[in-house]
Amino acid sequence: MSAIPADPNVTAVSATPRTETNYLNADWSIKSWLLTGDHKRIAILYLVSVSFFFFLGSIAAGLIRYELTAPAGFILESETYNKVFSAHGIIMVFLFLIVAIPAILGNFLLPLMIGARDMAFPRLNLLSWYLFMIGGACIMGGMINGGVDSGWTFYVPYSSMYANSNVTMVLTGIFIAGFSSITTGINFIVTTHKMRAPGMTWFRLPLMVWALYATGVVIILGTPVVAVTLLCIIFERVFHLPIFSAELGGDPVLFQHLFWFYSHPAVYIMILPAFGVQSELIANFARKRVFGYHLIAFSSLAIAGLGFLVWGHHMFISSESMYQGVVFSLISFLVAIPSAIKVFNWTATLYKGNIRLQTPMIYALGFIGLFTIGGLTGLFLGCLGTDVHLTNTYFIVAHFHYVMVGGAVTAFLGGLHYWWPKMTGRLYPESIAKWNAVLVFIGFNLTFFPQFIVGFMGMPRRYHYYYFAPEFQPYHIMSTLGSSVLALSFIIPGLYLTRSLSKGAKASANPWGAHGLEWETSSPPPTSNFDQIPVVLDEVYDFDPVTEHEQDKAAQALEVPSYLSNEAKSAESEKEKR
Amino acid sequence: MAAIASDHGHGHGHDEALHHQFENMEQQNDSYIVGMWTFLVTEVMFFGALFLIYTLYRSMYQMDWYLAHEALNVQMGMVNTFVLLFSSFTVAMAVRYAQLQKKWGVLSMLAITQVCAGAFMVVKYFEYQEKFGHHLYPGPGFGSHPEYLHGATPNFAQLYFGLYFGMTGLHGLHVLVGMIVIGYLMAKWWRNSPMVTKDYIPTELVGLYWHFVDLVWIFLFPLMYLMPKP
Amino acid sequence: MFSNFPATPPQASSFSREHDLIFYALLALTIIFTVMVGIGVIYFVIKYKRGSDADRSRPIYEDARLETAWSVIPLILALIMFYFGTKLFITMRVPPADAQEIFVIGKQWMWHVQHSNGVRENNTLHVPAGKPFKLTMISQDVIHAFYIPAFRAQMHVVPGRYTTMWFTPTQPGKYHLFCSMYCGTQHSEMGGTVVVMEPREWANWIENGGQSQASLTLEQSGERLYKQLACNNCHGAEDNMRAPSLYGIWGKKRTLTGGRTAIADQSYLRESILRPHNKITNGYSNTMPVYDGQINEEDVLKLMAYIKVIGSSVGGPSSSGTDTAAAVLNKTKGTMSPFAANAIQYQNSSMRRVDSTPTTRSGELAVNAIAAQQEAKGN
Amino acid sequence: MASTPLSSDSKHGGHSHVQPVWLLFGNMLWLMILLMVTWWASTFDFGNVVINNVVAMLIATIKAVFVIWIFMGVMHASKLAKIWVVAGFGFLFLMFGILGDYATRQFEPVSGWETNVPNGGASSFPRQWPPQKKPEQVGENFRPRG
């Protein structure tokens, strides 16, 4: 995209002096951080808080896995086990997955990628973070005060009438966190429509922006429905207004309808930004324009649209009428097509590219593999015949972990590594990160593949004991083994990324030589992003593989390894010269 | 692509009301309007789910809900609807005066709107008082005076009143929030703060919110109070 | 090594084979697509690694043919899988007319199973191989789910309405029974075993009333409860001033106050027992006491079974198994319970067909035999 | 779609269209008349109950359209705002697809499902709040406690 093709191996030593003010060191006071309107600072605030909640959720996950290695459990009573898996579900869904990529990478990158100074409503953006923290505090307050044991789905007769753990506190927390998600959605939609730089037409937008726009639309149309449904449970528990109670003729299945009407689009809120990150990584590390740009952009919107028509496939056996089941199964199969198109397009992008196997690219390639398995196992659950046997078993647990951890978390890590130099102005250690990416892939598969098998054998979800079915134990032992490897592979990036904040090499404006408006400004960018609003003159990702290839050959001829490590070497050589 | 950033947009004089992230007033105004409408779409979905629950249960228990709805006082409902329609008109006038930057016009219209909103809440208070008196609030004591149920089966009538208190209560809460926001807006106009005098958008946004609250009542009133005989 | 390391659930019902066919077809599809994408990615990464000299001229960015190909082909495969899945789903959801009915009541953390000839079980289910069984299920508190992995059958058990599930066990043996919908503290302990027996073995088992103490058939205990609750004070043989007669109302259309009409099926009877004020028969007032909260679901089932049998010689149109066995209670002098007779006759039939056509019942109900035996044992 | 907000030569100042008083007042009067029509429609019986409901909702929708078009100023708002209004309310009907399940329930082939009243009745368990009940420890799956 840059008029002067940035030569990746000759690092453009930025003319401006190294210690110019940027959004990080502009003002060190706490007040400037807590009352900031700057979308980049809000993204950093989100990064810190979301990572904290991810850590808590992972502890709960570790506890579950450890508890399930023995058929009759180790240290937990059933009551506590139910609270632990509910905590894992609620924290991971409402405080990590729905928030992570949109609020951290989305908030940071959207204005940069479309050439705007900030989000359309900066103060609303800050309100979104405060609502998230208040919601998170309420949820964690509920957890500490005794936890909630109704699972993250809060099915009605149990959550409204028979659960005597503090469901009300956690539901108010989720209700408030929902509004944080709505305000982020409003910001995304209005910024994409109204704040694009001159020349940035809709088809010159990076695919990350398309994905964030589609996510914003899904958030706006879905979140209020679950907000009011959970509010009805709060009404029922606190004010005794019977809305879903079966005793008085209400219908518990109606709650499931309203809940899943949001919660299926919610899984698209989680995965669509991951598609956006994925398109960026594949395009910039294969140094080639994405194959079928228009198709990928429209398939994001197609997923956002069709996502609202398929909620019934969560309820095939919950006394939903047979005809409704058939209709939902058909539409669920149709919604799988856009995801399949995306995967094939990414694979085709690699054809005739100049592929660099750096850490973000390894995460991206891992994403393609894991998301393909995750997506295709979804077909088992969309197909009516097999869903009757597989629903509510560990097969479903494995499916949505393949899509959520294999998809959303892998893309989140890939995106975090890719934009880390831009966010913090520091480079992370490439070799450790690369091997850790492989470790994530291995640990993940070892954890969740056995769960497919134990699910097919019929172990139901949310089971604490299985001493009456000892044949499940070998798979659970394998899964716990894998989960320890996975836990390790999530801790390592936490360590070397925080270490890179102080000890990492300084990053230039464009360490990857990538194309994109966000790489035009310095890293970390100044508070108002661009000195002047850039004018976009040409297409997105306009690499030319042949010229790229010649540059690679030239770089290799000079025996100067042209990618990253060269960055550190040139920095030292520059110091010696001075 | 962006190397030669043309210095185009900064020729004309800066409006004081222009926020730093926008390039010109037209972009800013349009952004706020579209942003507010996006928020109103979420509110539509918010109340939409409740209307869906209402539609389902009413189709399931038509006769009992028709009998239970006779406990509602239609005259009070009509008064409330007139009050809200009139307040919608006064808010629209307030927005008009804001565009013409006439301070006292805005303040007077907003004052009338506050009075109307207050009247709405008072009428609602009396309605609720009457229902509590007749033991029509769902819960253990529901329906202890069956004559107020007009022959409806207690279980399904409890569903009706559960939804009645839920939906009108939530709508009342939105009216309350509207009164607070209009109060804040009047304080800003009273103190001639440039935020509202130079830029009519904040007043228009409050107007949009208030019209939405009136919109919900336009649907709530016939569904709750004026049920046709099944 | 793999004997006690199974990777697939046993195939023990008529659905299992067809279900596993679809499952393995989908598995094959998944493996093909994953391998295809995997090889594609690895090949491209190796061939077009940075600096590797491969022909990169004329890169393709848009290729309508290719894109339509990988949109249409997955669509066709998806529709094929949808077709087979739906066919199996419909067979799973429509029980055959001759299926014998079993009532299941899900209660927080245990299953009550009630065979229609009165045999009661907790957390276990004994069924003969080869006969279709229809389970009519209801929950007394929260949503549970009756799940038998070996039969590939699963259905939610919802409070407030009957849900139905059916299967035809084929392979004798002991299989797991789980509650697969989260229902509270001991959700993981709310299960047991499904014992599929040889028909003859099952006939003996049902004959001596299984292990539990079911001395009376459903209809008999219903009759006793009917008298105990003094229903017959008002509901006599004919309509009288106080209450309509219940003789022969099963399956008939009832006219209610306010011009509404309803067919007297299971839901109607249950509704009218628990909350009579909801559906008052035309010409009567709301005088019947409310039994909602006084009696539990089993009593409702007993009363309902008895009301079906009062006065009607032949069962009504609805397809539940017990209806065809209806006989006015006080006339019968049967020798063997119909189930046992039917099961043994099935055993002798030459070819063991999975969906054997039901033998018409002689209409005799051998309850007295069991009752007599019980009294003999009792005193 | 080549136009972007900045490059299009927007008229400066961006003062939106000021609505005349007679339009606002007339709109209010018209809405009050419609209110009376709604009240009359509820008392008047149009044949069967479905038509009554449809008429009531039709009048309410007309009132809603007038409030949105004139009072909320969508008449002279940008094209995008108009799309948002239509999309928002249109999406509501998509959600009413949930009722499709209840509509198709009575065609289920299994007896004991829905009679003409979709939800036959309610569970017979007495409603206690907050629920205090000790489950019976019976059945072979129970793990002997401590």
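This is a predicted model: local features need pLDDT of at least 70, side-chain atom pairs count only at pLDDT 80 or more; totals for chains, interfaces and linings use all residues.
Reader: How is everything numbered, and which pLDDT do local features need?
Author: Residues count from 1 along each chain as its sequence is written, while chains are lettered from A and ligands numbered from 1 in the order written. Totals for chains, interfaces and linings use all residues, side-chain atom pairs need pLDDT 80 or more, and local features need pLDDT of at least 70.

Reader: Why is S8(C) largely enclosed by the rest of the structure?
Author: The strand covers residues 163–167 of chain C. Strands are DSSP runs of E, at least two residues, and helices are runs of H or I, at least four. S8(C) is largely enclosed because, of its five residues, the number buried is five.

Reader: Which residue of S8(C) is the bridge partner of Met137(C)?
Author: Strand S5 (residues 133–139) of chain C pairs with S8(C) (pairing takes at least two bridges). The two run in the antiparallel sense over five bridges. In S8(C), the partner of Met137(C) is Thr163(C).

Reader: Which element gives the most to the side of chain A that touches chain C?
Author: Contact (C-beta atoms within 7 Å) links 77 residues of chain A with 75 of chain C. Several helices of chain A give two or more residues to this side, including H3(A), H9(A) and H15(A). With 13 residues, the one that gives the most is H11(A).

Reader: How many charged residues does that side of chain A have?
Author: Ala, Val, Leu, Ile, Met, Phe, Trp, Tyr, Cys and Pro count as nonpolar, Asp, Glu, Lys and Arg as charged, and the others as polar. The side of chain A that touches chain C has 44 nonpolar and 24 polar residues. Its charged residues number nine.

Reader: How many charged residues are in the contact of H14(A) with H15(A)?
Author: Among the residues that meet are Tyr394(A) and His417(A) in H14(A), and Ala433(A) and Phe456(A) in H15(A). The contact has 15 nonpolar and six polar residues.

Technical notes. A residue is buried if 20 or more other C-beta atoms lie within 10 Å of its own, exposed if 12 or fewer, and partly exposed in between; C-beta atoms are placed from the backbone. Two residues are in contact if their C-beta atoms, placed from the backbone, lie within 7 Å.
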